[in-house]
Amino acid sequence: MRHFTNVHDLGDLQSALKEAFEIKADKYKYSELGKNKTLIMVFFNSSLRTRLSTQKAAMNLGMNVMVLDVNAGAWKLETERGVIMDSDKTEHLLEAIPVMGNYCDIIGVRSFARFENKEDDYNEKILNQFIQYSNRPVVSMEAATRHPLQSFADLITIEEFKKKKRPKVVMTWAPHPKALPQAVPNSFAEWMNQTDYEFVITHPEGYELDPKFTGNARIEYDQDKAFEGADFIYAKNWAAYSGNNYGKILSKDLSWTVDTRKMELTDNAYFMHCLPVRRNMIVTDDVIESEQSLVIQEAANREISAQVVLKKIIESL
Ligand code: AN0
Ligand code: CP
């Protein structure tokens, strides 16, 4: 594997899952593989899990790791070509990327959708510049349209906990005070569509995602109906995608919050969320603290998904 930006980069999912469980059983089995190899992680946005789990995964493989927070300590970066750089931006991304590439063997990038220009976001303008100019394998640590390390960890978690061969997985929109990217739900849908699970998406009207990601998934506007018989509830907020509403908040309706009454409609479903989560907006205290909540196990699997990805890339360096 060269770059990791979406589900297709991973190759056969069943063998990737097998590798994930092998690594989970012995995280230090390949502790020499990454010796003298360096990972740089570049963050344009905040992170708790991605930062720590990816660094931990790299350390498990014996790698060296450097982290750059673009907004804390680095020069302010201009990302547009043709701009007269007479403002507060000191350095251009087009120099910064190859410079960073020279200091590492693999480069991880977190760069969220900016909601300024839908085309730029959906063309993955920042991520693709790293692919084009770093001369290094690039790992998406959440880009504008996808969060594949998260989705892979989600899949590992479902495989660990599912009780039926073909579970019903329901991704539900839930309210949030700020406009959030579609990367997590896009990516989750993209990965679920590679499995044989029953996959249903529920959201208020107007929150339709890009069909490129949702594919043939059933869209159910009635959240209660969607929850019936579910084995996994995957909650997430996202801002609108469609048309002129791109990046807008259309609803903060707390009747979409995942609560105990709704969980009772399911087949004793597990609750999932990628975190960070706003309690009593997305999910009530009761549900997230319940025995059925998998949020901590899900976050733990971020170390595993990152380690499979880094291992595969190192093996093809
Ligand atoms: C981000 C998002 O929704 O994309 C990161 C989630 C992993 N969430 C927030 O910014 C709260
Ligand atoms: N789930 C996730 O990616 O969390 P962070 O934003 O904290 O990295």
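Author: Please do; note that the model is predicted.

Reader: Why is the pair formed by T50 and ligand 2 called a polar contact?

Author: A polar side-chain atom of T50 lies 2.6 Å from an oxygen atom of ligand 2. The limit for a pair of N or O atoms is 3.5 Å, so this pair qualifies.

Reader: Which atoms of Q150 and L275 approach a nitrogen atom of ligand 2?

Author: For Q150 it is an N or O atom in the side chain, at 2.9 Å. For L275 it is a backbone N or O atom, lying 2.9 Å from a nitrogen atom of the ligand. The protein covers 94% of the 250 Å² of accessible area that ligand 2 has on its own. The space taken by ligand 2 is the largest pocket.

Reader: How do you know that strand 7 and strand 8 pair?

Author: Pairing requires at least two bridges. Five bridges join strand 7 (residues 168-173) to strand 8 (residues 198-202), so the two strands pair, and they run parallel. Within them, K168 stands opposite E198 of strand 8.

Reader: What makes strand 9 and strand 11 edge strands?

Author: Five strands form an open sheet with parallel pairing, in the order 9-8-7-10-11. Strand 9 (218-220) and strand 11 (270-272) each pair on one side only.

How values were computed. Residues are numbered from 1 along each chain as its sequence is written. Chains are lettered from A and ligands numbered from 1 in the order in which they are written. This is a predicted model: local features need pLDDT of at least 70, side-chain atom pairs count only at pLDDT 80 or more; totals for chains, interfaces and linings use all residues. Side-chain values use heavy atoms; hydrogens and water are left out. Helices (H or I, at least four residues) and strands (E, at least two) are DSSP runs, numbered from the N terminus. A polar contact is a pair of N or O atoms within 3.5 Å; within protein, one must be able to donate a hydrogen and the other to accept it, and residues adjacent in sequence count only if both atoms are side-chain atoms. Accessible areas come from the Shrake-Rupley method with a 1.4 Å probe; for residues, only the protein chains shown count as cover. On a 1 Å grid over the protein atoms alone, a cavity is a set of points where a 1.4 Å probe fits but cannot get out, and a pocket is an open set with protein on both sides within 12 Å along at least five of seven lines; lining residues have an atom within 4 Å of a point. A molecule sits in a cavity or pocket if more than half of its atoms lie within 2 Å of its grid points.
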